[in-house]
Amino acid sequence: MAAISTVGLTKAYGDKAVLKGVDLEIPEGSVFALLGPNGAGKTTTVEILSTLIPADGGAARVAGHDVVREADAVRAAIGVTGQFSAVDNLLTAEENLMLMSDLNHLRRREGRRRAEELLRRFDLTEAARKPVTTFSGGMRRKLDLAMTLVGDPRVIFLDEPTTGLDPRSRRTMWEIIRGLAADHGVTIFLTTQYLEEADQLADRIAVLDGGRIVAEGTAEELKRIVPGGRIRVQFADAGQLDAAAALFGYATADPEALGLDIPGDNSVLTVKAVLDALDNASVRAESLVVETADLDDVFLTLTGEGAR
Ligand SMILES: Nc1ncnc2c1ncn2[C@@H]1O[C@H](COP(=O)(O)OP(=O)(O)OP(=O)(O)O)[C@@H](O)[C@H]1O
Ligand SMILES: [Mg+2]
């Protein structure tokens, strides 16, 4: 069963069409990432699916309910961590969690139990009684997600969950998100600017641009649709680089880094052909790296003015 499905979702602000017909189908228990440049409509999509704003056209179902006709049922089943923190700075971590527990109509004792468990899970027990003003960005983000989990949601929307986090905090967050899907069967809908994040976390990825989904698939499938494989050869000086560039007419030289990017795959034959050509011309290379297409290539190829 699909945890989230949309058909022909449209939304405009004034005469600016933001969503021009978005179709999505997200299976239960999976992690889905929505990618897109700034202003693409990612937050707008999250807001529509979480019943915060209405769409102009089309239909959406979340956790088996229509987001307009059964908005209350949808709200009862979901948790939302917005792009901007919902944490109250004047309260302690524990008080923030208890506030959420009240909003979710949990009994006092059940609320305390849940708050304690979440503080432990997110490694915030020591900071539980401290005001959030003293928290780092990473701690705040973790508390934000913990607050989303108080109501035990089946579907979670995370709008840029790791923006501004250092690499270690980001990894901690990824572990938590993975665990929610893998161990608790929660469906995760996340938006992100970090393509590595989508690559690491998401079962499926959709790229939103110009109001439409321009590509959808697993990270591997998306990488396959753009040519991005290259062999980067490094030289000791500009003379060697120029000599090499002359051998491979279709390559791109980076004079500052003394590198040459030669389009090609990672097969031994291709790499050997490059090395043989250099050798035959007595050009000396220092080092070589084979890079396959990554999601950055996918993103840059599919989105923005260039793509249109
Ligand atoms: N309340 C609003 N009133 C008018 N325009 C809005 C409103 N909310 C969003 N927009 C516009 O809708 C478009 C999509 O915004 P949205 O916040 O959904 O983008 P986003 O993909 O989340 O971008 P970002 O990556 O910067 O978070 C933008 O052009 C934005 O200016
Ligand atoms: Mg946004």
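A residue is counted as near a molecule if its C-beta atom, placed from the backbone, lies within 6 Å of that molecule. The legends below describe close-up views of a predicted model.

**View 1. The residues around ligand 1 in the predicted model.** Which residues are around ligand 1? They are Tyr13, Val18, Gly36, Asn38, Gly39, Ala40, Gly41, Lys42, Thr43, Thr44 and Gln83. Helix α1, residues 42-49, gives the most to this shell, with three residues. By class, the shell around ligand 1 has three nonpolar residues, seven polar ones and one charged one.

**View 2. Glycine 8 in strand β1.** Strand β1 covers residues 2-13, and glycine 8 has its place there. Apart from its neighbours within four places in sequence, glycine 8 is in contact with Gly21, Asp23, Gly57 and Gly58. Valine 268 is 260 residues from glycine 8 in sequence, and their C-alpha atoms are 46 Å apart in space.

**View 3. The crossing of helices α3 and α4.** Helix α3 is made of residues 93-103 and helix α4 of residues 108-121. Their axes come within 9 Å and cross at roughly 135°. This angle makes α3 oblique to α4, because only angles over 145 degrees count as roughly antiparallel. The crossing of the two helices is right-handed. On the α3 side, the residues that meet α4 are Ala93, Glu94, Leu97, Met98, Ser101 and Asp102. On the α4 side, Gly111, Arg114, Ala115, Leu118 and Leu119 take part. The residues of this contact of α3 with α4 divide into six nonpolar, two polar and three charged.

**View 4. The packing of helix α3 with helix α5.** Helix α5 spans residues 137-149. The axes of α3 and α5 are 9 Å apart, and the helices pack at an angle of about 25°. What does this angle make α3 relative to α5? It makes α3 roughly parallel to α5, because angles under 35 degrees are counted that way. The crossing in which α3 passes α5 is right-handed. Ala93, Asn96, Leu97 and Met100 in α3 meet Leu143, Ala146 and Met147 in α5. In this contact of α3 with α5, six residues are nonpolar, one is polar and none is charged.

Methods:
Residues are numbered from 1 along each chain as its sequence is written. Chains are lettered from A and ligands numbered from 1 in the order in which they are written. This is a predicted model: local features need pLDDT of at least 70, side-chain atom pairs count only at pLDDT 80 or more; totals for chains, interfaces and linings use all residues. Helices (H or I, at least four residues) and strands (E, at least two) are DSSP runs, numbered from the N terminus. Ala, Val, Leu, Ile, Met, Phe, Trp, Tyr, Cys and Pro count as nonpolar, Asp, Glu, Lys and Arg as charged, and the others, Gly among them, as polar. Two residues are in contact if their C-beta atoms, placed from the backbone, lie within 7 Å. Axes are lines fitted to C-alpha atoms, for helices over the stretch in contact, and angles run from 0 to 180 degrees between N-to-C directions. Angles under 35 degrees count as roughly parallel, over 145 as roughly antiparallel, 65 to 115 as roughly perpendicular and the rest as oblique. A crossing is left-handed if the near helix is turned anticlockwise from the far one by less than a right angle, and right-handed if clockwise.
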